[in-house]
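Please read them alongside the sequence and coordinates.

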Amino acid sequence: MLKIKGLKASINGKAILKGLNLEVKPGEVHAIMGPNGSGKSTLASVLAGKEEYEVTGGSVTFRGKDLLDLSPEARAGEGLFMAFQYPVEIPGVSNINFIKTAVNEVREYNKMPPLETKEFMKLLKDKQALVELDGKLANRSLNEGFSGGEKKRNEIFQMAMLNPVLGILDETDSGLDIDALRIVANGVNQLKNKNNAFVVITHYQRLLDYIVPDFVHVLYDGKIVKTGDKKLALELEKKGYDWITKELV
Amino acid sequence: MSDSEKAIKDATTGEYKYGFVTDVESDKAPKGLTEDTIRLISSKKNEPEWLLEFRLKAFKLWKEMPLPTWAHIHYPEINFQEIVYYSAPKPKKVLNSLDEVDPEVLKTFNKLGIPLEEQKLLSGVAVDIVMDSVSVKTTYKEKLMELGIIFGSFSDAVQHHPELVKKYLGSVVPMTDNYYAALNSAVFTDGSFCYIPKGVRCPMELSTYFRINEANTGQFERTLIVAEDSSYVSYLEGCTAPQRDENQLHAAVVELIALDNAEIKYSTVQNWYPGDSKGRGGIYNFVTKRGICAGVNSKISWTQVETGSAITWKYPSCILKGDNSVGEFYSVAVTNNFQQADTGTKMIHIGKNTKSTIISKGISAGKSNNSYRGLVKINKGAEKARNFSQCDSLLLGDKCGAHTYPYIECNNKSAKIEHEATTSKIGEDQLFYCNQRGIKTEKAISLIVNGFCKNVMDNLPMEFAVEAKKLLEISLEGSVG
Ligand SMILES: Nc1ncnc2c1ncn2[C@@H]1O[C@H](COP(=O)(O)OP(=O)(O)OP(=O)(O)O)[C@@H](O)[C@H]1O
Ligand SMILES: [Mg+2]
């Protein structure tokens with residue numbers, strides 16, 4: 001469903017992605033690991049359409065469409081979701097109003113009528129339960145004053161509400177306690193089916209005990225330099241990235 | 001230019017959507033202001049002698065007053081001799097139903113999305129429409145009359161309840177108060193009058209839709225609301241204006257009087273023509289609004305959503321004279337393009353245990369300037385007075401300005417005054433976050449802006465809140481995409 005070929009991107013004239021290839025098929029889970037600053041968040045942002053990043057080469061197709069040609073909201077409409085590494089706060093906009101707007105905007109994009117309040121409330125209840133999100137958070141301002149872990153859990157809640165075709169999780173596990181980690185992973189596992197896919201960016205193999213990846217990629221200096229299965233993650237955990245960089249030379 | 005910068009720019013250069021002109025034949029005075037103009041207005045309106053004298057006295061005072069220059073606004077000098085001070089739709093026979101209202105007028109209201117028929121049938125709102133300077137039609141008057149409530153045009157009140165008008169006119173805003181109040185006192189043509197008798201809770205929201213319709217017609221509305229002991233009234237004032245090239249002056253005076261245990265809630269949605277995206281035209285809005293909590297335990301609450309006018313100069317204020325009286329001011333002011341707003345409030349604490357709350361939200365976009373100016377004054381005798389003020393500004397883009405001028409004068413040591421202020425900007429990150437969730441930039445801006453204004457909007461009556469929200473969207477929405 002997602003095909004990235006030779007993707008190059010830069011920010012403020014500085015090249016970050018330097019010819020990245022990746023293919024994701026329906027039903028798959030891909031993990032992306034790599035040292036700080038290697039370009040993982042950049043990749044997620046470029047896929048989501050953040051405009052500060054300039055794509056200088058390569059191509060990305062998503063469900064047969066040229067992804068790079070679409071606006072960020074159209075990408076979301078097509079079913080791309082990114083759980084942010086640093087979710088933003090929007091004062092005065094309730095969590096519930098925000099997600100309702102999002103759900104209905106995505107429906108509108110797909111030429112579906114807005115959800116009836118009753119249906120929406122049911123969906124909300126189900127998904128809140130899925131990620132064990134405290135009901136009180138629904139009425140609070142979006143992410144405002146949420147703890148780090150609550151913010152991350154809220155991202156997964158929103159993902160569950162929007163039920164994307166491709167979910168990109170940027171370090172959703174960072175800052176989560178053990179229980180929250182399990183809950184978040186559990187949420188992802190329940191959302192997973194043969195028609196959707198997930199790209200999970202993480203620094204810790206721990207998460208991959210819960211969300212079992214089909215592929216593990218190492219992103220280094222703007223390129224995917226090694227791909228393996230979940231054993232690779234274990235190996236990285238033990239040995240770090242040095243041996244890979246040495247292999248490259 | 002990045003996409004979201006473009007969206008902000010588009011959103012902030014949106015054309016005024018309510019620009020249309022109703023073609024109603026009108027009867028007007030020649031341009032200019034002399035004693036003769038005032039005599040003409042007074043005689044056209046068949047006024048008693050004392051009112052003519054009131055006007056002439058105000059005119060004399062006004063001529064000697066200097067123009068106020070302290071506000072953070074700039075505009076070309078107004079030529080007061082170029083203004084038409086009286087214009088009335090041609091006299092027609094008395095109307096019995098809406099069917100008899102000029103279809104042009106009805107069409108205008110429909111364009112505004114305020115179908116009168118529906119309003120009348122569904123919401124039970126009595127509407128007193130002020131088209132230019134004369135009331136065209138008053139509804140629900142009889143029903144209100146049963147309760148002893150008087151609600152209608154100011155000129156009607158002058159004819160039928162002169163003693164009430166005489167007693168309260170100028171009692172809260174004296175003609176000497178300021179330049180524009182003096183001008184208004186001299187030349188006001190019409191407005192609304194509302195009287196709630198002792199112990200009566202007005203069962204419906206009273207509302208007036210103001211329209212400025214005649215090119216070059218200064219509008220000088222006069223509103224007077226009196227709430228007798230233990231009464232309650234919620235009054236809605238809303239307005240939009242047709243698009244015009246010349247600047248139009250508007251200088252209204254609103255006076256509220258709340259007696260013992262009475263409560264007045266006054267809500268405004270103001271959307272006068274702000275001028276085009278180059279800063280041409282637009283309404284000059286110099287308003288004096290003031291209420292007095294004259295009685296014990298009385299309460300006056302001002303809520304306003306201001307999106308229109310080229311220039312807004314407006315400080316709805318409360319004089320808290322009665323012990324335990326309460327004053328509130330909730331305001332959202334949006335400025336866009338070249339609009340200038342200098343608004344705020346004054347809370348004058350005189351009685352003991354008086355309490356005031358000020359929540360002001362300023363939103364600036366385009367090249368506009370938005371200032372909050374507030375005075376909290378605690379008099380010597382105002383034991384244990386309390387005030388809480390919160391003034392927040394939101395900037396869209398980086399060519400606009402927000403300014404806050406809080407003044408505090410405290411003459412009683414037992415008083416407690418709290419002030420909070422913030423300035424923030426709609427961030428690229430917030431917009432991208434919304435976009436990533438499928439929300440278009442235009443909608444994202446309105447979501448963020450509405451969130452910002454939430455605790456003011458929450459104070460508007462339900463039916464008004466919907467309209468106000470729409471207005472916020474319209475005034476910030478552009479033609480994105
Ligand atoms: N606005 C910017 N200007 C200049 N350089 C930037 C900018 N944003 C990101 N970068 C640089 O791009 C590189 C890649 O950053 P990115 O956030 O993609 O890394 P990452 O792999 O997600 O790292 P981490 O594991 O720490 O989250 C870093 O060197 C970073 O400093
Ligand atoms: Mg990162």
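**Notes on the predicted model**

1. Helix α1(A) is followed by A:G49, whose phi is positive, near 100°. Helices (H or I, at least four residues) and strands (E, at least two) are DSSP runs, numbered from the N terminus. This is a predicted model, in which local features need pLDDT of at least 70 and side-chain atom pairs count only at pLDDT 80 or more, whereas totals for chains, interfaces and linings use all residues. Residues are numbered from 1 along each chain as its sequence is written, chains are lettered from A and ligands numbered from 1 in the order in which they are written, and side-chain values use heavy atoms, with hydrogens and water left out.

2. Eight of the nine residues of α1(A) are buried (under 20% relative accessible area; exposed is over 50% and partly exposed in between, with a 1.4 Å probe and protein chains only). Among them are A:K40, A:T42 and A:L43.

3. Ligand 1 is surrounded by 15 residues (each with a heavy atom within 4 Å of it). The closest are A:G37, A:K40, A:S41, A:T42 and A:H203. Helix α1(A) supplies the largest share of this shell, three residues, and β2 (14-24) of chain A also supplies at least two. By class, the shell has three nonpolar, nine polar and three charged residues (Ala, Val, Leu, Ile, Met, Phe, Trp, Tyr, Cys and Pro count as nonpolar, Asp, Glu, Lys and Arg as charged, and the others, Gly among them, as polar).

4. Oxygen atoms of ligand 1 lie 2.5 Å from a polar side-chain atom of A:T42, 2.8 Å from a side-chain N or O atom of A:H203 and 3.3 Å from a backbone N or O atom of A:S38. The protein covers 66% of the 640 Å² of accessible area that ligand 1 has on its own (Shrake-Rupley method, 1.4 Å probe).

5. Which residues coordinate the magnesium ion (ligand 2)? They are A:S41 (OG) and A:Q85 (OE1), at 2.0 to 2.4 Å; donors are N, O and S atoms within 2.8 Å of the metal (3.2 Å for Na, K and Ca), and water is not among the atoms, so sites may look incomplete. A:S41 belongs to helix α1 of chain A and A:Q85 to the loop between β6 (80-83) and β7 (90-94) of chain A, 44 residues apart. A:S41 is partly exposed, at 25% relative accessible area, whereas A:Q85 is buried, at 16%.

6. In helix α2 (residues 35-44) of chain B, the residues B:T37, B:I38, B:I41 and B:S42 are buried. The buried residues of α2(B) fall within an arc of 130° seen down its axis, so they line one face of the helix (the arc is that of the directions from the helix axis to the C-beta atoms). On the other side of α2(B), B:D36 and B:S43 are exposed.

Methods:
Polar contact = N/O pair within 3.5 Å; in protein donor to acceptor, adjacent residues only side chain to side chain.
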